[in-house]
Amino acid sequence: MSAPELSPASLDRLPLEVRKPAYDHAALKPGIAHIGVGAFHRCHQAEYTDDLLANQFDRWGLVGINIRPPLLADTLGRQDGLYTRLIRQNDEVEARVIGSIIRVVDSQESAAPALDVLASPDIEIVTMTVTEKGYCHIPSSGALDLDHPDVVHDLANPQSPRSVPGILARALELRMASHGRPVTLLSCDNIPTNGIILSNVVRAFAERRGGKLAEWIDANVAFPSAMVDRIAPATTDADVDTVEQRFGYRDNAVVVGERFRQWVIENRFAGRVPRWDLVGATFVDDVTPFEHLKMRVLNGAQTTLCYLGVLGGFEHTFEAIADPLLATFVHRMLTQETLPTLMPVPGVSPTAYVEQSLSRLTNTAIHHRNHQIATDGSQKIVQRLLNPIRDRLAKGGSVALLSVPVAGWMAYLIKASARFGRAWPVSDPFAERIAAITDRISANSRELAHAILAIDAIFDPALAANATFRAHVIAGLDGLLSEDPMAFVRHVCAEHEDVLLKQPARSA
Ligand code: CS2
């Protein structure tokens with residue numbers, strides 16, 4: 001007999017060890033819309049909201065909207081929005097059914113279904129995880145990319161938008177014209193000052209629309225920045241099988257995450273506030289120090305391990321960090337070069353944060369593929385690597401270690417080009433441009449680095465012109481494109497032994 005499927009009717013029959021929603025899921029009312037219902041949202045904001053509904057049942061049911069793959073309306077619809085969130089820590093597995101999602105709307109063919117939800121007077125908050133490139137901004141400056149094909153389309157066809165900023169601008173216009181109720185747009189993506197970038201790109205659309213839209217947005221819409229954290233890789237078939245084998249039911253929308261979670265939100269809402277702060281989130285005046293800490297340390301380590309990991313032949317983060325050389329490298333990079341760039345964060349010891357972050361990455365039950373993290377690197381390296389590099393250079397500090405993963409990102413895309421035998425498939429908005437550079441230029445690392453550093457949408461020209469940085473990137477690219485990329489990592493590591501190790505032992 002096949003295992004029963006997860007549904008409201010089967011909830012009571014699930015094993016006792018599976019935690020269930022502690023409120024009446026059928027009584028939920030929509031109050032929050034979320035764009036981009038991937039594994040991360042289901043492991044993070046939806047879980048916090050589930051906690052909130054259990055703590056204080058209120059009008060904060062979630063309506064999901066997917067404007068890009070995957071289609072989810074049917075899968076989640078069959079389960080009435082319910083799904084299992086597994087926490088995995090090495091051999092431990094903990095299952096919980098999350099009930100905060102009322103339904104998911106697929107809006108991939110047309111924006112109409114998304115606009116219906118977003119313009120509804122019931123919706124007071126719109127959260128989003130649309131990936132870094134979803135904002136259609138220029139990574140190095142944060143401004144709307146007016147050459148982006150979807151932006152070009154949406155400016156010409158504002159009533160049938162395709163891009164996130166185009167859809168949001170249209171939804172705000174519909175709100176202004178119909179009921180005028182305020183709304184908070186809360187970005188939950190790993191881009192620096194995500195609220196400001198979101199507000200920049202939406203306002204850029206609104207200003208071009210004319211009328212009173214830009215003014216109405218100023219008075220009625222808030223764009224708080226936020227820092228989000230939980231490692232939650234793409235779900236695999238093995239995860240779905242784990243639920244069936246260990247807990248005896250079938251759930252096609254399972255998500256898997258680590259135990260650690262964090263959400264720091266700027267306390268600037270346009271209307272009523274879901275009290276996520278009652279269930280573990282933190283409301284602050286300024287999220288910047290938290291954002292730097294997380295993107296430079298945890299995400300910086302992930303990005304470093306993914307590029308060096310692929311080059312070294314490792315499939316997942318936990319395998320890359322189990323390699324003593326890569327573990328040593330990333331530890332030295334974070335402690336010697338990244339840490340000095342961080343702002344003080346109340347109540348957080350930066351060195352303890354580094355240790356904790358690296359230890360999270362060793363979790364063998366989290367199968368986070370290096371290629372998944374490597375995806376869209378051009379949109380990630382600014383906040384994870386280039387901003388700390390810029391801060392270091394401004395203070396005259398060394399950037400020899402931080403430059404290695406920057407060269408790693410270049411080498412990863414270069415080796416994916418035809419000229420280098422298409423070592424692996426890649427997905428990055430700049431992949432084609434880098435393949436074209438590779439085809440055009442000889443395999444000389446200096447010339448390759450020179451051409452890639454000239455992409456000013458990624459490398460701000462002042463940074464690209466810095467001689468120290470350039471020299472490290474060229475040396476890095478040379479080493480990482482060689483037959484033995486790990487020999488280069490070993491060499492850099494040896495040149496940057498931890499200061500503590502170099503100190504003579506104290507006499508007793
Ligand atoms: C990862 C993040 O794929 C990636 O870019 O670095 O998704 C990371 O796992 C999360 O930011 C952790 O909070």
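Select Arg296, Val297, Gly300, Ala301, Thr304, Leu305, Leu308 and Gly309 in H10; they meet Leu326, Phe329, Val330, Met333, Leu334 and Thr338 in H12 (contact means heavy atoms within 4.5 Å). By class, this contact holds 9 nonpolar, 4 polar and 1 charged residues (Ala, Val, Leu, Ile, Met, Phe, Trp, Tyr, Cys and Pro are nonpolar; Asp, Glu, Lys and Arg charged; the others, Gly among them, polar).

This is a predicted model: local features need pLDDT of at least 70, side-chain atom pairs pLDDT 80 or more, while totals for chains, interfaces and linings use all residues. Numbering runs from 1 along each chain as its sequence is written, and side-chain values use heavy atoms, without hydrogens and water.

Now show both helices whole: H10 spans residues 288–312 and H12 residues 324–338 (DSSP runs of H or I, at least four residues, numbered from the N terminus). They pack at about 145°, axes 10 Å apart (lines fitted to C-alpha atoms over the stretch in contact; angles from 0 to 180 degrees between N-to-C directions).

Next, the ligand. Select Asn190, Asp229, Arg230, Lys294, Leu298, Asn299, Gln302, His368, Ile373, Lys380 and Arg384 around it (a heavy atom within 4 Å). H10 gives the largest share of this shell, 4 residues. The shell has 2 nonpolar, 4 polar and 5 charged residues.

- Gln302: a polar side-chain atom at 2.7 Å.
- Asn299: a polar side-chain atom at 3.1 Å.
- Arg230: a backbone N or O atom at 3.0 Å.

Technical notes. Helix = DSSP H or I, 4+ residues; strand = E, 2+ residues; numbered from the N terminus. Polar contact = N/O pair within 3.5 Å; in protein donor to acceptor, adjacent residues only side chain to side chain.
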